[in-house]
Every structure is written in structure tokens, then in C-alpha cells.
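Subject: Structure for your files

Hello,

My notes on it follow below.

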Amino acid sequence: RVAGFIGAFITVLGTILPPLIINLIISLFYQSFSDNVVAKMAIAGMLCGVAAVMFDVVINMAKTIFEQKRLLHIVIMIGAFVATYFFSINIIFIIVTCGIIGIIDTCYQNNKIKKNDNIDLITSLKTRQNQLDILIQKLFERSITDELPQDTYKKILSGYKKEYEENNQKLQELTKANNNDNTDYIKLIDL
């Protein structure tokens, strides 16, 4: 979110590379330590620590997922567990599948947010159009009763008309964009 794709890529590298390098170094020296009793006990102790850390991560992630109260995330979490534990499906396949589901969900959520923003903008433009209608009507009434000189009336009216036309054009574009988004989404569902 902060630095886009490049930021995400660097974050992934920063997360993956240190443990990868440490594991690589340990694996290089593992053969020489494998016969040592003290090294075996240390490695067994580390396994317990790793299991505890993994358990803590799983519990915290599950807690976060349940707090979000999004059914899709809960189903993905339970489905990934069932696929791994009961059906022994390769973890790479599960990760790729979850990634694809996540990408589709993110695109859908972004489209939904964009659509809501457009709807809010359309509503505010319609409100302004109504205000301009009232202002133009009052302006016209004041010009008929000679409360407002004709040259001032024409100047103010031209500004209001210009704003009205610009708002009208924006309204048409946003309405068309919203209709196209709905059509594209329906086409996506039909696939």
C-alpha cells in the first residue's frame, strides 16, 4: 500500500532472505554437527521453539481473521487447513490457490469502493444541480422584478449555466462509467 508493487516485492525479499540465508548456513554445517550429541539436543530444542512460534502465529492470524468477520477469509482458512491436514494436498498448490482467490477478492473490493465513491460523487453533483436550479430560478425572479440589473443578471446566469453544464457532463460520464462497471462485472460472472 505504501510503495506499490516494488515495496511489496522488497518486503517479501526482506522477509524471506534472512531465514533462507540462516537455513542455508546451518544446512552447510549440519553434516559436521549431526553426530554431536549436544548439537542434536540443541536442534531438538529449536524444533520445540519453532513449533511454539508457528502455533502463536496461527492463533494470532486466526484471531485477526475472525475479528474481520469476512466469511471468505474464514472459509479460506478452514479450507486450507482441511486440504492440508485431511487430504495431504501440496502446500504450494494451496498457497497459489489462496493467492488467486485473494487477488480476485481484492479486485472486487477495489471495484466496489470505486463504485461507492462514484455513487457519492453522483449524489453530490445531483444535489448541486438542484441547488443551481433553485439559484437560477431565484435569479430569474429577481431580474423580472427589477431587483437585479440585467447586466448583473446575465453575468451571474452565465456562471451558473457554465457550472450546471460542467456538472451535467460529469454526471453523464460517471453514470456511464458506473453502468460500464456493472456490465463488466456481469461479463466476469458469466465467464
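**Cysteines, a helix pair and one serine**

Cys48 is exposed, as its relative accessibility is 56% (exposed means over 50% relative accessible area, buried under 20%, partly exposed in between, with a 1.4 Å probe and protein chains only). The model is predicted, so local features need pLDDT of at least 70 and side-chain atom pairs count only at pLDDT 80 or more, while totals for chains, interfaces and linings use all residues. Residues are numbered from 1 along each chain as its sequence is written, and side-chain values use heavy atoms, without hydrogens or water.

The structure has zero disulfides (a disulfide being a pair of cysteine sulfur atoms within 2.5 Å). For Cys107, the nearest cysteine sulfur belongs to Cys98 and is 16 Å away.

Next, the helices (DSSP runs of H or I, at least four residues, numbered from the N terminus). Helix α3 covers residues 71-85 and helix α4 residues 91-144; their axes are 10 Å apart, at an angle of about 170 degrees. That makes the two roughly antiparallel (over 145 degrees). Axes are lines fitted to C-alpha atoms over the stretch in contact, and angles run from 0 to 180 degrees between N-to-C directions.

In contact terms (heavy atoms within 4.5 Å), Leu72, His73, Ile76, Ala80, Ala83 and Thr84 of α3 meet Ile91, Ile94, Cys98, Ile101 and Asp105 of α4.

Ser143 is also in α4 and is buried, at 4% relative accessible area. Beyond its neighbours within four places in sequence, Ser143 touches Leu148, Gln150 and Tyr153.

Regards

Conventions:
Angles under 35 degrees count as roughly parallel, over 145 as roughly antiparallel, 65 to 115 as roughly perpendicular and the rest as oblique.
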